[in-house]
Amino acid sequence: MASCCNSLKLEGMFSSAFRSSKRSSNAISIPSSSCNLYIHGFPLKNNSFSVSHSRSFTIEASSSSSTNIVEPEGIKITSVPTKPIEGQKTGTSGLRKKVKVFMEENYLSNWIQSLFNSLPPEDYKNGVLVLGGDGRYFNREASQIIIKIAAGNGVGKILVGRDGIMSTPAVSAANGGFIMSASHNPGGPEYDWGIKFNYNSGQPAPESITDKIYGNTLSISEIKMAEIPDVDLSRTGVTKYGNFTVEVVDPVSDYLELMESVFDFRLIKSLLARSDFRFAFDAMHAVTGAYAKPIFVDKLGASPDSISNGVPLEDFGHGHPDPNLTYAKDLVNTMYGENGPDFGAASDGDGDRNMILGKKFFVTPSDSVAIIAANAQEAIPYFQGGPKGLARSMPTSGALDRVAEKSGLKFFEVPTGWKFFGNLMDVGKLSICGEESFGTGSDHIREKDGIWAVLAWLSIIAYRNKDKKPGENLVSVSDVVKQHWATYGRNFFSRYDYEECASEGANKMIEYLRGLASKSKAGEKYGNYVLQFADDFSYTDPVDGSVASKQGVRFVFTDGSRIIFRLSGTGSAGATVRVYIEQFEPDASKHDMDAQVALKPLIDLALSVSKLKDFTGREKPTVIT
């Protein structure tokens, strides 16, 4: 070994499989010597120290004995004084604010430390946590902060996706951890950032945890920060600081393996290989850009040019990574153009949402989950024994209810928020579920899953066409949907979003509607509609008995039509008012009507009843789906 007064440079690289049962031990060991060692200015006591091949750095020797020495089994922890910061209450999908807010002194650090203060030590001490994100602006800096606070609180190991990238479904598949994402909201210095924590089975942290986090943000006084250098996240490999380990992993490989266990990849590959079938996927310059090529192209054989916007960018290419008809307009224009592809799909910022399109045809998320449920047993090997149960969020249309009823399956209606599905999955009551907000998934993980939904639809189309010979007309996306309507009836559905409304006016509108609902009586006339009931939806969890109240104001009419009003918790500024309109139509001769035409009387009624324009000043919605 080099003498104590010289510097020793160690370089190299190796890769390690994520969640592998055999962790790599390819680390360089520096034996004891009669000198003190330093890494980037941080002292190490005379003893062996492991360093990753994946980083390039200098180990310096010094004969000084007056410096604070780090024990080999530990690392130096600094207590950073802090004060509570207002506005850190966790919403439906974590804490979301503008980037500039998170960049304020200790803003992110306070929340992360409050999280550790809220968990039983046995949940993380010497344990393993996963860290991933959607690649948006500030994720790189945030990753280093989170790693150092995790080390400061005694976490044994952090698994982090290369470049800090890992989709929300992939983090959930790894049984939880930190997710750096503001989901479908824009990214960049002037836009949004977010953080959330998924708990032990990969599900979003329950309110019992998020309430504790918020309580601790109101009383926090110190942050436990490990004095370790920044970790190079650009290469896979292992870095050790004392008894704390950071492993940078390939974010795709284990998730891909999971998908191969759920679906028949040979069946899907046979569809994508057909010369008479064309596929398009828009990753929207978001996290699924890292997954699209390895899964759709390399594994399933799709053409490389079928993937658009496939490179994750910190600002999503100046786009809004929300897979709907408004923000995924490039894909929509392609699918509705002359000679468009047969199948199109898009996913959002962190990879948990999806949009499905056929040639000149849009599949509503409410219909999508119902159709997947109706076809799952025959088309998807994971469900060959049949689904255990079905569930939807309250605002989602009743299309799934009809599948459950006809199939004799258990059915659950829950509040908006994927965490409400997790308990049902954990006790074996639920297999397939969805939300009208472009979220679809199953009990293979505890989050909604955009890639999963795309593969589910490809499986259904492939199964329907497996015996089709070249030259025969293929069963299309629109054929599958219309056949479903013919069997179950059609639930016309639309959602009007009014984004970034002034919070005061939006809250007053909801309070007004709550008052109106509480006074309403069955049999009252609302235009041509007769009221069955009106309420503010409340949910009692059948597993743990917890109660979620004030989950959306509903007006339900005797013909099954519904209008629903709620404020979204997924934005970072102001309030998003969402209005949901639904009407069931059993008559197949009316199934081809445009939804906006079929629903116009209900839409007009919803706007009139809510006095939305008076309360918010909005003339028209930001987004219509």
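Among contacts in the protein (a contact meaning heavy atoms within 4.5 Å) between residues at least 6 apart in sequence, 72% join residues at least 24 apart. This is a predicted model, in which local features need pLDDT of at least 70 and side-chain atom pairs count only at pLDDT 80 or more, while totals for chains, interfaces and linings use all residues. Residues are numbered from 1 along each chain as its sequence is written, and side-chain values use heavy atoms, with hydrogens and water left out.

Of the 625 residues, 56% are buried, where buried means under 20% relative accessible area, exposed means over 50% and partly exposed lies in between, with a 1.4 Å probe and protein chains only.

**First stop: Val 363 and its surroundings**

Select Val 363, which lies in strand β20, residues 361-363, and which counts as buried because its relative accessibility is 3%. Which residues is Val 363 in contact with, leaving aside its neighbours within four places in sequence? They are Ile 356, Ser 368, Trp 457, Val 477 and Val 481. Val 477 is 114 residues away from Val 363 in sequence, yet the two C-alpha atoms are 8.3 Å apart in space.

**Second stop: the second largest pocket**

Strand β20 also supplies at least two residues of the lining of the second largest pocket, as do α9 (329-336), α14 (477-488), β25 (490-501) and α16 (595-598). On a 1 Å grid over the protein atoms alone, a pocket is an open set of points with protein on both sides within 12 Å along at least five of seven lines, a cavity is a set where a 1.4 Å probe fits but cannot get out, and lining residues have an atom within 4 Å of a point. Grid points are joined across faces, edges and corners, and a volume is the space filled by probe spheres set on the points. The volume of the second largest pocket is about 480 Å³, and of the 23 residues that line this pocket, Tyr 336, Phe 362, Arg 490, Asp 594 and Ala 595 are the closest to its centre. By class the lining has twelve nonpolar, five polar and six charged residues, with Ala, Val, Leu, Ile, Met, Phe, Trp, Tyr, Cys and Pro counted as nonpolar, Asp, Glu, Lys and Arg as charged, and the others, Gly among them, as polar.

Phe 265, Leu 267, Ile 268, Leu 271 and Leu 272 of α7 make the contact with Leu 455, Leu 458, Ser 459, Ile 461, Ala 462 and Tyr 463 of α13, which by class gives ten nonpolar, one polar and no charged residues.

Select residues 419-426, helix α12, which is largely enclosed by the rest of the structure because six of its eight residues are buried. The buried residues in α12 are Lys 419, Phe 420, Phe 421, Gly 422, Leu 424 and Met 425, and the helix is followed by Gly 428, whose phi is positive, near 75°.

**Last stop: two loop residues**

Most residues other than glycine have a negative phi. Asn 309, in the loop between β17 (307-308) and α9, has a positive phi near 50° and is partly exposed, with a relative accessible area of 27%. Lys 550, in the loop between β29 (547-548) and β30 (553-557), has a positive phi near 55° and counts as exposed at 55% relative accessibility.

Note on methods:
Helix = DSSP H or I, 4+ residues; strand = E, 2+ residues; numbered from the N terminus.
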